[in-house]
Amino acid sequence: MPFEHEGFVKDILGGLATTGFFGWGIYLVASFLRRKQQDAMQKHLLEKFASAQDFAAFVQSPAGQKYVMNLSNAVASPRNSILSSVQIGVVLLFLGPALIVSSDRYGFWILYTLGMISVCLGLGFLVSAAASYFLVKKVGLEEKE
């Protein structure tokens with residue numbers, strides 16, 4: 001006897017897939033806007049310096065060193081890169097099956113295709129994160145906290 005509430009489960013997963021898709025879109029837009037705002041702030045800060053000497057004095061100050069360190073940590077931190085890959089991989093791994101079930105429920109082949117792509121991308125991100133983690137450990141690039 002098949003599961004009695006199969007339609008209910010499919011409706012829930014379809015709703016989760018739709019919510020996840022829109023949530024992901026909102027996250028991407030918010031990330032883009034935040035990065036754009038950070039770039040504008042950095043540009044505005046650099047325009048405040050009248051000369052290279054003023055900028056050099058700022059960089060040598062404690063506040064300037066902290067500012068430069070935050071910039072370099074955000075860009076070059078292996079831990080942040082690995083954690084980002086894990087986060088993206090997990091989200092894609094949960095989104096994929098939801099899209100696949102939604103395609104069965106609503107009959108849209110594109111949802112099935114997107115679901116399979118999402119699963120493959122999620123696995124790729126997780127494999128990449130694992131490989132990066134082991135390479136960082138082997139090479140000895142751990143961050144000192």
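S103 is buried in the predicted model, with a relative accessible area of 10%, where buried denotes under 20% relative accessible area, exposed over 50%, and partly exposed the range in between (1.4 Å probe, protein chains only). This serine belongs to helix α4; helices (H or I, at least four residues) and strands (E, at least two) are DSSP runs, numbered from the N terminus. A polar atom of the S103 side chain lies 2.6 Å from the backbone oxygen of I100. A polar contact is defined as a pair of N or O atoms within 3.5 Å; within protein, one must be able to donate a hydrogen and the other to accept it, and residues adjacent in sequence count only if both atoms are side-chain atoms. When residues up to four places away in sequence are not counted, S103 touches F108, L111 and Y112, contact being heavy atoms within 4.5 Å.

The model is a prediction, in which local features need pLDDT of at least 70 and side-chain atom pairs count only at pLDDT 80 or more, whereas totals for chains, interfaces and linings use all residues. Residues are numbered from 1 along each chain as its sequence is written, and side-chain values use heavy atoms, with hydrogens and water left out.

The protein contains five helices and zero strands, and its elements follow the order α-α-α-α-α from the N terminus on. Of its 145 residues, 17% count as buried. The accessible surface comes to about 10900 Å², of which carbon and sulfur atoms contribute 70%; accessible areas come from the Shrake-Rupley method with a 1.4 Å probe, and for residues only the protein chains shown count as cover. Among contacts with a separation of 6 or more, 61% are accounted for by residues 24 or more positions apart.

Confidence was examined by pLDDT, the predictor's confidence in each residue, from 0 to 100. The mean for the protein is 78, and 83% of its residues reach 70 or more. Confidence is lowest in helix α3 (residues 62-76), with a mean of 70, and highest in helix α5 (residues 109-139), with a mean of 89. Where pLDDT is low, the predicted coordinates should not be read in detail.

Helix α4 (residues 78-106) has 29 residues and should therefore span 42 Å at 1.5 Å a residue; the 41 Å between its end C-alpha atoms agrees with this. The expected span of a helix is 1.5 Å times one less than its number of residues. The buried residues of α4 are P78, I82, S85, G89, L92, L95, G96, A98, L99, S102 and S103. An α-helix has 3.6 residues a turn, so residues three or four places apart point the same way. L99, also located in α4, counts as buried because its relative accessibility is 7%. Its C-alpha atom is separated by 5.4 Å from that of L111, twelve residues apart along the chain. D104, by contrast, is a residue of α4 that counts as exposed because its relative accessibility is 51%. The C-alpha atoms of D104 and G14 are separated by 9.5 Å, although the two residues are 90 residues apart along the chain. Just after α4, G107 adopts a positive phi of about 75°.

Helix α5 comprises 31 residues and reaches 45 Å from its first C-alpha to its last, close to the 45 Å expected at 1.5 Å a residue. In this helix L111, G115, S118, V119, G122, A129 and V136 are buried, and the cover of the buried residues of α5 includes α4. S118 illustrates this arrangement: the residue lies in α5 and is buried, with a relative accessible area of 5%. Not counting residues up to four places away in sequence, S118 touches L92, L93, L95 and G96. Just after α5, G140 takes a positive phi of about 85°.

A search of the whole structure finds one aromatic pair. The pair is formed by Y133 and F134 and is edge-to-face, at 5.4 Å centre to centre and 75° between the planes. Rings of Phe, Tyr and Trp (its six-membered ring) pair if their centres lie within 6.5 Å; planes under 30 degrees apart count as stacked, over 60 as edge-to-face and the rest as tilted. Y133 counts as partly exposed because its relative accessibility is 40%, while F134, at 56% relative accessibility, counts as exposed.
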